[in-house]
Amino acid sequence: MSIEEKIGKTLAVLGVSDAQGVESLFAEVRATMEAERQQLIAHGASSEKERDKACKALRDRWLARKGGLVSLIDENWLKKAAKDLKPIVGKKFNELRGFAACVEVEQLRALMHGPLDDGDHPVTPPPVNVSGQMLKAALSTQRFASAGNEFAPTDLTLPGYSRPLGSIHPITQVMREIEDIFLGLGFRIETGPEVESVYYNFDALNIPESHPSRDDVDTLYVDERTLLRTHTSPVQIRSMENYGAPLYIVAPGKVYRHDNPDASHSPMFHQIEGLAVDRDITFADLKGTLDFFARKFFGERIRTRFSPSYFPFTEPSGQVDISCVICDGQGCRTCKESGWVEVMGCGMVHPDVLRHGGIDPEQFTGWAFGLGVERFAMMKFGINDIQLFYQSDVRFLEQF
Ligand code: 2U9
């Protein structure tokens, strides 16, 4: 009688009525399972597709919830076992189920080693790599081997299963590109905590108690004196305190605002802010540096335009526009027919803010700027929905 036929009958019909009979029946099932597994491994496969198909077929034969041999053993042997046989049948069934895990697709794929080359799609042999899952499979086979069965232990030195390479997230790419431009100009990169004190996020930056950005409608508070930073500016205050002047730094990182997500808003986004403090630093240095930066990032054709703005931490403050990258300043839908697009804010650091950082404004002056990395990335890559950056959709991410 074949093993399938035996599994299709109850233990009573098979005439199995004691522990010894149960054990030898389960040993027969396990030997069949192992023989099929070894046959699959030895047979190998000529392509990744064929390999996947063979693994899946074996897995389904044994482990399919409906009609799989393990599931039928549960139905016909375990559930219908006589009361006095139930404990031993249950024990043997659990052992078998554990062993059956060896035929899971991933594990078998790992075991069916050797370079695959189907002619059309040459496959590089994967590097030797024993992952946790494979190790678990190997150890579980070892456990069965040492429990006195005849199966050979898995060879842990077999090559691992190849996985496609990932890529750097577009936001990280853009952040690094901006950082590199400023590193080339002699700036250093500084980072700081995302959970900040109200002092570093607002007070030290001259942001008055009454300022609307302090309200919990705009800011995410942890408690009365602690919040998720709304900009990376606290990093510059901390750096002024730590290093004094002269200071040339950029502060990249995540910032948080109490915003509902839509195509142009996200409660978390990335900023890069810059700060230059030295003797005799002027607005001309600021203009020259940001113009150089914009041309390096967007291309040499780009022109910049500075206009007045207001921030509590800079005086005077400015807004930086660049000529529209889509129409080259001619006017189009993107730039609302103006030929210009706002990309950054900037200004001369307010003397009170320098003081809060422990720097004497009589001796030193400084400029600062701030930009949103997502906005830069959207302009660079022509993306119209900020949410795409956070959805981890490979079809989006693999384009960068
Ligand atoms: C210190 C002193 C001054 C940083 C600055 C801006 C202007 C600005 C926005 C751009 C788009 C934020 O991401 S955004 O929403 N930022 O317009 N940021 S000046 O000024 C500082 C920072 C630190 C000690």
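**Notebook: sheet and ligand shell**

I began with burial: of the 400 residues in the chain, 29% are buried. The model is a predicted one, and I read every entry below with that in mind.

I listed the secondary structure next. The chain holds 15 helices and 10 strands. Of the contacts with a separation of 6 or more, 68% are between residues 24 or more positions apart.

**Sheet order**

I traced the sheet strand by strand. It is open and has 7 strands, in the order E1-E5-E6-E10-E9-E8-E7, with mixed pairing. I asked which strands stand at the edges. They are E1 (188-189) and E7 (304-311); each has a single partner strand, so one side of each has no neighbour in the sheet.

I noted which helix packs on the sheet. Helix H11, residues 233-243, touches strands E5 (247-256), E6 (268-278) and E10 (365-372). The direction of H11 makes about 145 degrees with that of E5.

**Pairings**

As background, strands of a sheet pair through backbone hydrogen bonds, either parallel or antiparallel.

E8 (residues 314-323) and E9 (residues 340-349) run antiparallel and are joined by 8 bridges. In this pair, Val320 stands opposite Met344 of E9.

E9 also pairs with E10, again antiparallel, through 4 bridges. Here I found Cys346 opposite Phe369 of E10.

E10 is joined to E6 by 8 bridges in the antiparallel sense. Glu273 stands opposite Gly370 of E10.

I then checked E10 for burial: how many of its 8 residues are buried? The count is 7, so E10 is largely enclosed by the rest of the structure.

**Ligand shell**

I looked up what surrounds the ligand. The shell has 21 residues, and the closest are Gln236, Gly345, Ala368, Gly370 and Gly372.

For H11, I had already recorded contacts with E6 and E10.

I sorted the shell by class last. It has 11 nonpolar residues, 9 polar and 1 charged.

Note on methods: Residues numbered from 1 in each chain as written. Predicted model: local features only at pLDDT ≥ 70, side-chain atom pairs only at ≥ 80, totals over all residues. Pairing = 2+ DSSP bridges. Helix = DSSP H or I, 4+ residues; strand = E, 2+ residues; numbered from the N terminus. Contact = placed C-beta atoms within 7 Å. Axes fitted to C-alpha atoms, helices over the stretch in contact; angles between N-to-C directions. Buried ≥ 20, exposed ≤ 12 C-beta atoms within 10 Å, placed from the backbone. Near = placed C-beta within 6 Å. Nonpolar A, V, L, I, M, F, W, Y, C, P; charged D, E, K, R; others polar.
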